[in-house]
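Please read it with the sequence and the model at hand.

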Amino acid sequence: MTSQKTNNGQLPASFRDPSGFLFSRGRVLYRQVNHAYELEYARLMESGLYERLIKVGLLIPHVEADQPPAESEAAYKIIQPERVPFISYPYEWSFGQLKDAALVTLSIQKRALKLGMSLKDASAYNIQFVRGKATLIDTLSFENYKEGEPWVAYRQFCQHFLAPLALMALKDVRLNQLLRVYIDGVPLDLASELLPTKTRLNFGLLTHIHLHAGAQKKYAGEEVKSRNGALRVSKQAMTGLIDNLESTIQRLNWTPRGTEWGNYYSITNYSDAAFEHKKQLLKEWTARIQPAMAWDLGANNGVFSRVVSETGSYVVSFDIDPAAVEQNYQTSKKEKEQNILPLLLDLTNPTPALGWANRERESFGARGPADMVLALAVIHHLAISNNVPLPQLADFFAKTGKWLVIEFVPKSDSQVKKLLASREDIFPNYTRTGFESAFKEKFIIHEAVEIRESERVLYLMESH
Amino acid sequence: MHFAPLPYLDPGSGSFLIQLAIAALLGLGIAFRASWGKIKGWFGIKPKPEEDDDESENK
């Protein structure tokens, strides 16, 4: 999963927490629990909270491992959490994914409060999609709850979840990309400024975002915490707060407009026969290769991803269109699919490495390579719309996965004609021969099949 | 208007105070609903059974 680590195997994403950290040994991922976290860990395991959260799939399961610790002085226990097949980040999620991650966080907090614990973090990065569901992966996120104490993660929850969700639902869905710039969530003063004025009429948004931002500015730098213990949040008030955040988020919705749901493939130039032929070839080739991890680049709403995931492979289904990713995610949720992960990705500008020393959040490429990459009906966008020369495309795909299923879309194809209608044809090498000779530099071409009732060719290649 | 973060001004205090205010208000709401439920109870109106959220799966 991750290639970056420090000397003792510690993963660079978990350096902040004094409670413990992740490290890898061999190909196995472990989490060291430090002595500093002994009481909390014991309470999590003994209060019944762990069991309850596992039962409803809200927390990643782990086993206690008999392993020497990575840093022995601080070590209390070593645990081995279930491995997450693919780590994704909130700026790669659709609206529905971020919303579910938010609701899962609140649901965990409610259950924790009932058993005398509270989340000390409400980071969107602590949520991952496991078996199709948003799941908390940081076992060390809990602290013992003391009645009267406020929720320490309140501000973080507003920045990581509420602000981006409100901006996506009520301003523009593309504003989730602010999370790429602001690694600790959208600053509330910025959210307050960007949100439409009418959001001040929504009690939840008025208080948790607009007034919250105002209070941050007004009381910035003032010491308020130690005033004679009068400043308390009762348990009832805490419950009211969590319930209100929950209902505020539940009422935020985003339904894709413009690109009509379910109509993606009716606007292409595929006949049914061509569509079926493509599916058939993909099914045969997947059965032959049996990839554990496949990446579908330009997956649209995931029709072809599902041909692969139905054979048992885990498929990350990337697309640039937030509407397509949302539809893909809603389908996977409805069908309770466990091995498909829809994500937002602009292939012409893939997710970079981010955070402290650029090592906290991995780039798109660092999370690979995949066993199999699908590039269906995508090459003309990269070669013609984005002017990437064919040899560079071959190089990119060879680094991204071992096997490649790629569709060549010739200039005579009506979709390519559309792309060329508004630009000068400066692509003399964009021919089937030019494509094959560029890709032969990096791949062995095992199959090249002309798709029925179309001018397109589907290739199966293996990188060498 | 400041466009650069002010390095020594922590937004934590404001977050703390606003949480206190909102939570107090919402806590009152819960208390009110609970008493209202009791009043309704005197007139024989039964409250809706509280959903056991342990039964609801993470969907």
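Predicted model: local features only at pLDDT ≥ 70, side-chain atom pairs only at ≥ 80, totals over all residues.

1. The seven-stranded sheet. Chain A contains an open sheet of seven strands, ordered β11-β10-β9-β12-β13-β15-β14, in which the pairing is mixed. The edge positions belong to β11 (340-344) and β14 (443-450) of chain A; each has a single partner strand, so one side of each lacks a neighbour in the sheet. From one strand to the next the twist averages 15 degrees.

2. A parallel pair within that sheet. Strand β9 (residues 293-297) of chain A pairs with strand β10 (residues 314-319) of chain A in the parallel sense, over five bridges.

3. Helix α13 (residues 390-400) of chain A lies across β9, β12 (370-375), β13 (401-408), β14 and β15 (457-463) of chain A. Relative to β12(A), helix α13 runs at about 140 degrees.

4. The four-stranded sheet. Chain A also has an open sheet of four strands in the order β1-β2-β4-β3, with antiparallel pairing. Its edge strands are β1 (20-25) and β3 (62-64) of chain A, each of which pairs on one side only. Here the twist averages 35 degrees from one strand to the next. Strand β3(A) is joined by three bridges to strand β4 (residues 75-81) of chain A, and the two run antiparallel. Within this pair, A:His62 has A:Pro81 of β4(A) as its bridge partner.

5. β6(A) pairs with strand β7 (residues 133-136) of chain A in the antiparallel sense, over four bridges, and A:Ile127 stands opposite A:Leu136 in β7(A). Two residues lie between the strands of this hairpin, where A:Arg131 adopts a positive phi near 50 degrees.

6. Helix α3 by itself. α3(A) has 20 residues and spans 29 Å from its first C-alpha to its last, close to the 28 Å expected at 1.5 Å a residue. After the helix comes A:Gly116, with a positive phi near 75 degrees.

7. Helix α3 against helix α11. Helix α3 (residues 95-114) of chain A packs on helix α11 (residues 322-334) of chain A at an angle of about 50 degrees, their axes being 7 Å apart. That angle makes α3(A) oblique to α11(A). A:Phe95, A:Gly96 and A:Gln97 of α3(A) make the contact with A:Glu326, A:Tyr329 and A:Gln330 of α11(A). By class, these residues comprise two nonpolar, three polar and one charged.

8. A loop residue. A:Pro187 is found in the loop between α5 (178-181) and α6 (188-194) of chain A. It has 18 C-beta neighbours inside 10 Å and therefore counts as partly exposed. Apart from neighbours within four places in sequence, A:Pro187 is in contact with A:Gln159 and A:Tyr182. A:His160 is 27 residues away from A:Pro187 in sequence, with 9.1 Å between their C-alpha atoms.

9. Chain B and its contact with chain A. The secondary structure of chain B amounts to one helix and zero strands, and 17% of its 59 residues are buried. The contact between the chains takes 25 residues from chain B and 34 residues from chain A. On the chain B side these divide into 13 nonpolar, eight polar and four charged.

10. The helix pair between the chains. Helix α8 (residues 235-250) of chain A and helix α1 (residues 12-42) of chain B pack at an angle of about 95 degrees, with axes 7 Å apart; α8(A) and α1(B) are therefore roughly perpendicular to each other. The residues that meet include A:Met238, A:Leu241 and A:Asn244 in α8(A), and B:Ile22, B:Leu26 and B:Ile30 in α1(B). The residues of this contact of α8(A) with α1(B) are nine nonpolar, seven polar and no charged.

Definitions and conventions. Residues numbered from 1 in each chain as written. Chains lettered and ligands numbered in written order. Axes fitted to C-alpha atoms, helices over the stretch in contact; angles between N-to-C directions. Parallel < 35°, antiparallel > 145°, perpendicular 65-115°, else oblique. Contact = placed C-beta atoms within 7 Å. Nonpolar A, V, L, I, M, F, W, Y, C, P; charged D, E, K, R; others polar. Expected span 1.5 Å × (residues − 1). Pairing = 2+ DSSP bridges. Buried ≥ 20, exposed ≤ 12 C-beta atoms within 10 Å, placed from the backbone.
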